[in-house]
Amino acid sequence: MSTLVQAAEIVAYTPPFSADKQAHEIYYQPLTSATKPWKLCAVYPHLKDSYWLSINYGMVEHAKALGVQLKVLEAGGYPNLDKQKRQLMDCRDWGADAIILGTVDSQAYKGKLSQYTGNIPVFATINSLDVSDEDSAKNVVARVGIDWYEMGCKAGQFLAKHHPRGSGIVNVALLPGPLQRGGTKPVVQGFLDAVANSDINIVTTLWADNSKELQRNLIQQLFATGHDIDYIVGGAVATEVAISELRANHMADEIKLVSTYLSHGVYRGLLRDKILFAPTDKMAQQAMLSVDQAVRYLEKKPLQRDLAPIVEGLTPTHLPKAVIAESLSPAEFRPVFSVGAP
């Protein structure tokens with residue numbers, strides 16, 4: 001049986017969607033079958049990196065296990081809101097029973113979600129979707145996702161533990177990713193809060209979109225400034241690129257790497273002892289949970305409406321196979337855009 005359909009400890013929030021919701025760890029048993037081949041339509045911001053590829057894997061695997069149909073659409077990037085709106089209407093035209101929405105912008109559909117989805121129930125996945133307005137509150141049934149503050153906090157806690165106050169100042173360059181992306185600023189805030197009472201000194205923060213070329217430019221810019229750097233802390237793309245840049249500049253022994261989230265490249269870096277730490281938000285598990293929520297709702301089965309994985313810190317000596325299976329798609333997996341009825 002797939003790791004994704006085994007019972008697992010996750011976080012449930014009550015009351016759901018509330019600003020003052022409380023987290024409770026629960027033992028969650030995913031469904032093992034559906035009563036009919038429901039039509040689920042999943043809309044992603046993009047499928048350009050291994051993070052969303054792992055989301056795709058989790059949804060595809062669970063749709064196959066349950067015997068439901070899955071149609072996958074991707075907008076090609078976070079700036080492409082108009083394209084995502086059209087894709088929501090494509091889901092409606094397809095006759096979807098439920099829509100799983102990884103939004104390109106948390107505020108994009110405020111007051112007008114139903115213009116694109118009609119009466120189809122919507123399940124928010126991964127990215128935060130504002131449900132404070134009446135229209136969204138009526139149409140969004142459930143959500144799966146973490147607070148990215150926690151991911152930054154985990155990375156900061158790792159460094160703060162190794163460099164407590166009075167142990168000697170160490171210098172950090174932060175390369176969190178794109179400035180305008182919703183999850184990036186909470187990551188930075190979580191990191192800053194976690195290292196506030198330690199000997200971590202943030203020398204510089206450099207922003208750029210998550211492309212290897214742009215992140216490589218930032219790292220080369222960082223080296224050119226002549227800053228005395230002990231750690232680079234960055235998103236997965238920055239951290240992956242930093243491995244080869246440090247090697248090329250003969251600095252691999254001088255500067256250590258910490259990632260704020262997991263990817264296939266970061267996993268390889270952990271395995272090879274090139275990266276010291278990365279938290280995982282178990283992307284494949286989150287995707288499975290979204291499919292599970294949708295089918296539970298359609299079949300009028302008990303439904304937890306606000307769920308998140310338990311974030312786990314990974315190091316070269318702590319890489320549990322089950323956690324990796326809940327996080328990353330297998331190496332041979334390629335994007336799947338359609339799962340048909342069995």
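Is Trp52 buried or exposed? At 2% relative accessibility, Trp52 counts as buried, where buried means under 20% relative accessible area, exposed means over 50%, and partly exposed lies in between (1.4 Å probe, protein chains only). The model is predicted: local features need pLDDT of at least 70, side-chain atom pairs count only at pLDDT 80 or more, and totals for chains, interfaces and linings use all residues. Residues are numbered from 1 along each chain as its sequence is written, and side-chain values use heavy atoms, with hydrogens and water left out. Helices (H or I, at least four residues) and strands (E, at least two) are DSSP runs, numbered from the N terminus.

**Aromatic rings**

- A pair of aromatic rings is described by the distance of the centres and the angle of the planes.
- Rings of Phe, Tyr and Trp (its six-membered ring) pair if their centres lie within 6.5 Å; planes under 30 degrees apart count as stacked, over 60 as edge-to-face and the rest as tilted.
- Searching the whole structure gives nine aromatic pairs.
- Like the residue in the opening question, Tyr51 is buried, its relative accessible area being 7%.
- Trp148 and Tyr261 also form an edge-to-face pair, with centres 5.8 Å apart and planes at 85°.
- This pair links distant parts of the chain: Trp148 belongs to helix H5 (residues 148-162), while Tyr261 is in the loop between strand E11 (256-259) and helix H9 (264-271), 113 residues apart.
- Both Trp148 and Tyr261 are buried.
- One aromatic cluster is made up of Tyr44, Tyr51, Trp52, Trp148 and Tyr261.

**Charges over rings**

- A charge sits over a ring if NZ of Lys or CZ of Arg is within 6 Å of the ring centre and within 35 degrees of the ring normal.
- Lys21 has its charged end over the ring of Tyr13, 4.5 Å from the ring's centre.
- Trp94 has Lys39 over its face, at 4.7 Å from the ring centre.

**Helix H7**

- Helix H7 (residues 212-225) has 14 residues, which should span 20 Å at 1.5 Å a residue; its end C-alpha atoms are 20 Å apart, in agreement.
- The expected span of a helix is 1.5 Å times one less than its number of residues.
- The buried residues in H7 include Gln215, Leu218, Ile219, Leu222 and Phe223.
- Seen down the axis, the buried residues of H7 fall within an arc of 140°, so they line one face of the helix; the arc is that of the directions from the helix axis to the C-beta atoms.
- An α-helix has 3.6 residues a turn, so residues three or four places apart point the same way.
- Glu213 and Ala224 are exposed on the other side of H7.
- Strand E8 (170-177), strand E9 (200-207), strand E10 (231-234) and helix H8 (236-248) are what the buried residues of H7 pack against; contact means heavy atoms within 4.5 Å.

- Two strands pair if DSSP finds at least two bridges between them.
- E8 and E10 run parallel and are joined by four bridges, with Leu175 opposite Gly234 in E10.
- E10 and E11 also run parallel, with four bridges between them, and Ile232 stands opposite Leu257 in E11.
- E10 is covered on both faces: Tyr231 and Val233 are buried on one side, Ile232 and Gly234 on the other.
- Val170 is part of strand E8 and is buried, at 10% relative accessibility.
- Apart from neighbours within four places in sequence, Val170 contacts His163, Asp199, Ile200, Asn201, Asp230 and Tyr231.
- Asn127 is 43 residues from Val170 along the chain, and their C-alpha atoms are separated by 33 Å.

- Strand E3 (residues 39-44) is mostly covered, with five of its six residues buried.
- Six bridges connect E3 to strand E4 (residues 69-74), and the two run parallel.
- Leu40 has Leu70 in E4 as its bridge partner.
- Lys83 is located in helix H2 (residues 81-94) and is partly exposed, with a relative accessible area of 34%.
- Not counting residues up to four places away in sequence, Lys83 touches Glu74 and Ala75.
- Pro45 and Lys83 are 38 residues apart in sequence, and 9.7 Å apart in space from C-alpha to C-alpha.
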